[in-house]
Amino acid sequence: MAEDDVVAKDRKILVAVDEGEESTNALSWCLKNVISHTSKDTLVLLYAKPPRAVYTSLDGTGYLFSSDILATMDKYSNDVADCVIEKAKRVCREQGDPEVKVEVIIESGDPRDVICQVADKINADVLVMGSHGYGLIKRAFLGSVSNHCAQNVKCPVLIVKKPTCSSSASGTK
């Protein structure tokens, strides 16, 4: 079969983004190494807003949380989500192919669950995410979002490690 006869498959590439530099690195690596400039890939940026902590009507000191305070906390959470997504879109504009379609999904919940649910819901062809590089002890206490997702999503998972030097971040194509 001639190379020109190969039909490029439309792929949905899900990239989990958060406030950390690791997710920005994973997005950059994905744009350079995963996105095919000859296909109609769709890059889906996913931000999982952490759930608001559950508070009783009285905090530990006996003070009530007013609706104003709760609204302020919600606004802050939305502002963080907007900031993370805008940063990710800027990376896509600066480093990506202008032909690549970019979609955004913002969901609330535990990032482990949200990422797995969205990957399945959109039938992602691949999930790309950064690794925080926690050591064994810290990972045992905090859990690893990337490990959880690698074990629970149906699609392949690409975990991009934090580069040890600037030259390894560039990758090759």
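**Salt bridges**

I counted the salt bridges and got seven, taking a side-chain nitrogen of Lys or Arg within 4 Å of a carboxyl oxygen of Asp or Glu as the criterion. The model is predicted, so I note that local features need pLDDT of at least 70 and side-chain atom pairs count only at pLDDT 80 or more, while totals for chains, interfaces and linings use all residues. Residues are numbered from 1 along each chain as its sequence is written, and side-chain values use heavy atoms, with hydrogens and water left out.

I looked up Asp-79 and found Lys-75 as a salt-bridge partner, with the closest N and O atoms 2.8 Å apart. Both residues are in helix H2 (residues 67–95), four residues apart, which puts about one helical turn between them. I take helices (H or I, at least four residues) and strands (E, at least two) as DSSP runs, numbered from the N terminus. An α-helix has 3.6 residues a turn, so residues three or four places apart point the same way. Asp-79 is partly exposed at 37% relative accessibility; for this term I use buried for under 20% relative accessible area, exposed for over 50%, and partly exposed in between (1.4 Å probe, protein chains only).

I then checked Glu-86, whose side chain meets that of Lys-89 in a salt bridge at 3.8 Å, N to O. These two are three residues apart in H2, again separated by about one helical turn. Glu-86 is partly exposed at 40% relative accessibility, and Lys-89 is partly exposed at 29%.

The next pair I looked up was Lys-121 and Glu-107, a salt bridge with its closest N and O atoms 3.8 Å apart. This pair links distant parts of the chain, 14 residues apart: Lys-121 is in helix H3 (residues 111–121) and Glu-107 in strand E3 (residues 101–108). Lys-121 is exposed, at a relative accessible area of 59%, whereas Glu-107 is partly exposed at 29%.

**Thr-42**

I placed Thr-42 in strand E2 (residues 42–49). Thr-42 is buried, at 11% relative accessibility. Which residues is Thr-42 in contact with, leaving aside its neighbours within four places in sequence? With contact set at heavy atoms within 4.5 Å, I listed Arg-11, Lys-12, Ile-13, Lys-101 and Glu-103.

**Cavity**

I searched for cavities of 30 Å³ or more and found one. A cavity here is a set of points, on a 1 Å grid over the protein atoms alone, where a 1.4 Å probe fits but cannot get out; lining residues have an atom within 4 Å of a point. Grid points are joined across faces, edges and corners, and the volume is the space filled by probe spheres set on the points. The largest cavity has a volume of about 50 Å³.

I noted the lining of the largest cavity as Val-17, Asp-18, Ser-23, Thr-24, Leu-27, Val-84, Lys-87, Ala-88 and Val-91. Helix H1 (21–33) and H2 each supply at least two of the lining residues, and H2 gives the largest share, four residues. By class I recorded five nonpolar, two polar and two charged residues; Ala, Val, Leu, Ile, Met, Phe, Trp, Tyr, Cys and Pro count as nonpolar, Asp, Glu, Lys and Arg as charged, and the others, Gly among them, as polar.

**Helix H1**

I checked the length of H1: its 13 residues should span 18 Å at 1.5 Å a residue, and the end C-alpha atoms are 18 Å apart, which agrees. The expected span is 1.5 Å times one less than the number of residues. Of the 13 residues of H1, 10 are buried, so H1 is largely enclosed by the rest of the structure. Among the buried residues of H1 are Ser-23, Thr-24 and Leu-27, which I had also listed in the lining of the largest cavity.

Technical notes:
1 Å grid on protein atoms, 1.4 Å probe; cavity = no way out; pocket = protein on both sides within 12 Å on 5 of 7 lines; lining within 4 Å.
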